Structure formats: C-alpha cells, structure tokens
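Biologist: Please take me through the model shown below, one local feature after another, with the cut-offs behind each term.

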Amino acid sequence: MRQHGSWQGDGIYFGADYNPEQWPEQVWADDVALMRRAGVNLVSVGIFSWALLEPSPGRYEFGWLDRALDVLHAGGIRVDLATATASPPPWLAHRHPETLPRTVDGTVLWPGGRQGYCPSSPIFRQHSLALVETVADRYAEHPAVVMWHVSNELGCHNVHCYCDVSAEAFRDWLRERYGDLDRLNDAWGTTFWSQRYHDWAEINPPRAAPTFANPTQQLDFLRFSSDAQRAQLRAEREVLKRRVGQPVTTNFMIGMGIKHMDYHSWAADVDLVANDHYLTVTDPNAHLGLAFAADHTRGVAGGDPWLLMEHSTSAVNWQPRNVAKTPGQLRRNSLTHVARGADGVLFFQWRASRAGAEKFHSALVPHAGPDTKVFDEVCRLGADLTALAEVRGSRVDADVAILFDWEAWWGVELDSHPSVDVTYADRMRALYDALWRAGVTADVVHPSTDLSGYRLVLVPTLYLVRDADAEALGRYVAGGGTALVTYFSGIVDEHDHIRLGGYPGAFRDLLGVRTEEFFPLLAGERVALDDGSTADVWTEWLHPAGAEVVASYEDGPLPGVPALTRHRVGDGTAWYLATRLDEAATDALVGRLLTEAGVRPPAAAPPGVEVVRRRADDRSWLFVVNHTDAEATLDVTGTDLLTGQPCGGTLRVPAGEVAVVRDEPAVSGAVPAGEPSPAAAA
C-alpha cells in the first residue's frame, strides 16, 4: 500500500462497520466483548452519523462518539473513523433544496434515502468540509483512530446529476479541458446535426433528448461526473491531511456492477486502496467475479496490498432474492480476497440493524445473536486471519495482465453502436474466467501500466484507446511479449472519433490485419469455425496484412474469412480474435496463449480449486481454495498455516475448505521448483 508502514499494529485487519449510535450504550460493552471473542481488531465508525454529530447548522454534539471511541479503545479495538459526510442531514435539503440532485429528465431526488446531494453543489461542499474540519480537529489524536474514512461509496447513488448547478460545473470542466469553443466543437464533432456551439452558456449536460445525444458529449459528461465525485474525495482528504497524521482512504466499488467512477484516476488520492465487494449468491460462478474484483483492486493499488472495506457475512438486502451464504462460503470468500492481495477483511456491518432500509442485511452478529452459524463462522475466520499474520505486506504473483479502462467501458456501451450484444464485461470476464479455470492469476491493470514484467497481455474490447497506450502495447510485443486483442478494440480515439483506414484502428499494424466492415450477428445466430469451434454475436470482413490465419469461418455471412490471426512482431506475437468464441474454444485459445508465453499455474490443481501465490522477499505462501464438493489433492510441500500441520509433498484440502501453505524451505529471490519466474509488479 502507498503508506503501508503507517498502519498501526501487526497482522491482518479484521472487522466491520460499527454503528454504536443505533444501539443503547449498555450494549456497547457487550459488542466489544464479542469483538474480542471473534478476533475483530478494526471497525469503521461514524459513516452515516452526520445528522447526530451536527443536529443543526454549526451545532455539534460529540458526547456519544467520544464515549464510543473510548469504549473501543479500552477494549483494544482500532478505529477507521469516517468523516460522516456520506449522507447529508435532513436540515441541509430543507434549508437548501438547490443541493438536491436531478435525474436526466429533471426529476428531483428527495431526502429519505442516502447520498441525496448534487456532487457539484458548493453549498454541500461548504457544509461537508466544515464537518470534516471539526471531526478531524476533535479526534486527530484519539488513540483508537488508526485511519480516516472519507465519505462512503462516493457516487454509488448520485454519480450523475443534471441540475443547473451541475450544468455550470460541467461548463467549467469543459473550459478547463478544451480551453476554447473551437477545440470543443472539433472534439464533439458538432458539425453533425447542426450542434455547433458559439457560447459556453449554450452547453448543457446530455439531458433527455428526442434521440441519441452527441456521443462525445455523453463521454465527457461521464468523465466530468467521475471527476466531480473525485473532487469531493480530494477536498476532504486535503482537510484531513492538514490536521491528522493517520492514513486516509475511502471505499471504492471495483467490480463489473458499478461503472461510473474511474478509480484508476482516484488511486493517487488515497494512502491505501480499499474496496467493497458484494457477490450475487445465486450465481454459480460468483467466486470468479469475486476473484476478478480482487485482482482488479490490486491492479488499481499498483500491485500493493489493499483493504477489503466491506462485504457480507451472508445475505444482502438489495437483490431481488437475497439468498443466504452456505456453510463455509463466508470463509472461502474472505480468504480469496486475502489470497489476491487484501491485508484486511471487513464487513458491513458488525450488528444487524433493528430498523432502516438495511435491517435484513446480514452482519457479524445476526438478529438471532452470537449463538448462530454466522457468528461461529466469523470466529473461525478471525482465528484464520490471526494465523495468517505473517502474510501481511506480501504481494501476489502474476505473469499475465488484462488491460482495463473505465473510459473504454463507457465508450463501448454508448448508444447507436453496431450491436447491443457487445458489452465491456463480456469478453473481459470470458478471458479472465478462462485464466481462472487454468489456475493462472492475472493483474487487471490500466493500459498505461508498464507491461514489461508480464509474459502475456490480454486486451478485451478496448474500444477507446489513446495513441500512447496503443504504442506501448506495440513496444511490449516487439520486445518479446505475447498479446491477444479481441474484436471492437482500437476503434476510436479519446474523443470517440473513428480511427480511419480500417479496423481495428489503433491496433491494425500491430495485428497485421485490416477489417473493412463489421457483420454483427442476430440474436441466437451462431457460426462455425474451421477448427471445430463455434461463435456468436460478432463477425467481421477481415483481410490479413501480414498476419497468419489460425482459424476462419466455415459458415454464416462470411465463409472462408479469417476469424483468428497471429502476427509476429519483433521478438513477440500479437493475436487477434475477430469473433465471440464459445467457452470451450475460449479456454482452448487461452491455454494455447499460456503455453506460447511460458505461463504456468503456481500448482497443478483439480478443476474448481483456486490456487494463488503471495510472495515476500524470502518467503511465499500458496493459497488453495476448494470450491468443489470433493476433497482436493495437490503436490505441495510446506506448512498449512490454518491447521499448523506440515504437508510433506501431499496437500489434502477437504470439500469447501481452504489451505494456506508456507513454502519451506524458501530461498531469497528464488522461485519454487517447477514455477516460472514471478512477474515484475505493475
């Protein structure tokens, strides 16, 4: 982490959001006793307490928080103290209704939920920073406080506001970005549909319109909206940095469900990267999505360890059907995050609420109390994390990188495109899941990341790409790397302007191909390839221009046209996949790429068994998570930290269980026998 050494205490953090204000004070001592029993050592406090801390403008009441922090400190529980700005109190909207956000069609979003504010509102900013100053001054030296928590899930519910305040802020953002109207008109292509602007006042957010809004206007508004949320983070952080010495963080929401914050640009504004992750329990492959989110969070953190700020012990309250986690799932989920770089495991929340919108959300202490399956599993996890203390600060081995860019995600899913079936998550997850099934760990990183330490780079649906990033990929390949680029990549520049001369635009020369026309398929339509695989969604009229044809279409609209190519460039190889392969064919292609690039898993494991390695200077740890209903056997030597038992060449992991094996002996700088060299951290 960026300031890993500033964390207080040893070992891995374990805990939850704690809301003492929801409970009578006589419960607090019981809470601390149960925390100690479970092994909890860190709680987040005060996240949604603005209305209690400041019941009216400028009048503060801190007595309850003073007492709560003192009780926690006396019990040895550290605190991640929130700035409490996540949800404004009712009095703010009552006195200043102009702070309320508006939707794309002008609907006002009224108080009664949370995050009921326009992120560009100067009035909200003024009141929120006054609160931050007051809280920071009061608790900067409190011995319980080891870190500060800015707001909470910034942008989760109010990322886009279309009110007049936001419109003026958008114009200011555009002036700073473009400087003058001529540059903006050129970037937005306003000669189309008579959209040319002659005065800044004529520009609005892309509000509800008779038909498709200008695509670059939409893209810039998405950039502006992410920056507006980031501005709140930065403003609060600056107030804190003038007053406190502890590290500052906030909880990101990295995964494929929340798409509108560009966390790559936010990472520099926190001292340690923290993430919230909630899975869809009804998804049989939810653990793959969890792994992807963890690997992406690590990528945002620059390869450093990070903090899991929130996940759930069991059911959540906001899905259509809130299914409870099965026995052992809490442990597997949590230790998978640790395997993939988390140095802390926290939940929402400590004690399940009696009232409010999240009263049916699971917690460490359920409504039924501590004599429950959930609390028993919480205590077991606490013991596990204590046993894993030595892992803290180590990094994750990864020889493969997957390129991810939020702006490319925004761009590829704009309207009026060739096919609604082309989505950003689709090939991103298809390739990641194939790596997971092969037992290979990947770093999910921004296209501007230094790629030189990776053996293989995957580039799924990178529709929007900057020249510098496309050129960097070319240098990586020419220097000996192996890369795969999938369809609908390299199509536009950062202004969403088509790269002329044939697709895939920015990557055309690197891949040695030229596509003259897209031939998207109808819903349910499939094509066969001459290597025996099948595909759907997408085909294109592709011409080799130096590339070797690996597979072609056998039928469909383009029989005989190449669908998969391979191009030697310098000392490396660039592959292009011009269609959407089925799962088996995707697995086969990824397997071929791994072999060609010399990438192997850290240990051979049966299907459904997850293996990840973390490494420090002179030691490494193999995490083995058995997601199957049968015992798994692996050829591993070392000591299982969770049981304390040695495994002299054979590791047996029961169904649904987890093992963490410290390699023995470990030689500084060496790689265990049979493994490829670790990649340099991105």
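Biologist: How far from the backbone oxygen of Ala363 is a polar atom of the side chain of Thr313?

Modeller: This is a predicted model, in which local features need pLDDT of at least 70 and side-chain atom pairs count only at pLDDT 80 or more, while totals for chains, interfaces and linings use all residues. Residues are numbered from 1 along each chain as its sequence is written, and side-chain values use heavy atoms, with hydrogens and water left out. A polar contact is a pair of N or O atoms within 3.5 Å, where within protein one must be able to donate a hydrogen and the other to accept it, and residues adjacent in sequence count only if both atoms are side-chain atoms. For the side chain of Thr313 and the backbone oxygen of Ala363, the distance is 2.9 Å.

Biologist: Which side chain does the side chain of Thr313 join in a polar contact of 3.2 Å?

Modeller: Thr313 is found in the loop between β8 and α11, where helices (H or I, at least four residues) and strands (E, at least two) are DSSP runs numbered from the N terminus. The partner in that side-chain contact of 3.2 Å is Ser362.

Biologist: Is Thr313 buried or exposed?

Modeller: Not counting residues up to four places away in sequence, Thr313 touches Lys325, Leu330, Phe347, Ser362, Ala363, Leu364, Val374 and Val378, contact meaning heavy atoms within 4.5 Å. Buried means under 20% relative accessible area, exposed over 50% and partly exposed in between, with a 1.4 Å probe and protein chains only. Because its relative accessibility is 1%, Thr313 counts as buried.

Biologist: Which strand residue in β8 is the bridge partner of Asp276?

Modeller: The open sheet of 9 strands has parallel pairing and the order β5-β4-β3-β2-β1-β9-β8-β7-β6, and two strands pair if DSSP finds at least two bridges between them. Strands β7 (residues 274–276) and β8 (residues 306–310) pair in the parallel sense over 3 bridges. The partner of Asp276 in β8 is Glu310.

Biologist: What angle does the direction of α11 make with that of β9?

Modeller: Helix α11 (residues 329–339) packs on this sheet and touches β8 and β9 (342–347). Axes are lines fitted to C-alpha atoms, for helices over the stretch in contact, and angles run from 0 to 180 degrees between N-to-C directions. On that scale, the direction of α11 relative to that of β9 is about 145°.

Biologist: Which residue in β13 is the bridge partner of Ile402?

Modeller: A second open sheet, of 7 strands with mixed pairing, has the order β12-β11-β13-β14-β21-β20-β19. Strand β11 (residues 400–403) runs parallel to β12 over 4 bridges, where Ile402 stands opposite Val444, and β11 also runs parallel to β13 over 3 bridges. In β13, the partner of Ile402 is Leu458.

Biologist: Which residues of β11 are buried on the side away from Val400 and Ile402?

Modeller: In a regular strand the side chains alternate between the two faces of the sheet. Both faces of β11 are covered, with Val400 and Ile402 buried on one side and, buried on the other, Ala401 and Leu403.

Biologist: At what angle to β11 does α14 run?

Modeller: Helix α14 lies across β11, β12, β13 (456–459) and β14 (482–486). The angle between α14 and β11 is about 170°.

Biologist: At what angle do the axes of α10 and α14 cross?

Modeller: His287, Leu288, Gly289, Ala291, Phe292 and Asp295 in α10 meet Met428, Arg429, Tyr432, Asp433, Trp436 and Arg437 in α14. The axes of α10 (residues 286–300) and α14 (residues 424–437) come within 10 Å, and they cross at roughly 100°.

Biologist: What orientation does that make for α10 relative to α14?

Modeller: Angles under 35 degrees count as roughly parallel, over 145 as roughly antiparallel, 65 to 115 as roughly perpendicular and the rest as oblique. Relative to α14, helix α10 is therefore roughly perpendicular.

Biologist: What is the omega of the cis peptide bond that joins Tyr503 and Pro504?

Modeller: Pro504 has its place in the loop between β14 and α16 (508–511), and Phe488, which has a positive phi of about 60° although it is not a glycine, is in the loop between β14 and α16 as well. For the cis bond joining Tyr503 and Pro504, omega is about 0°.
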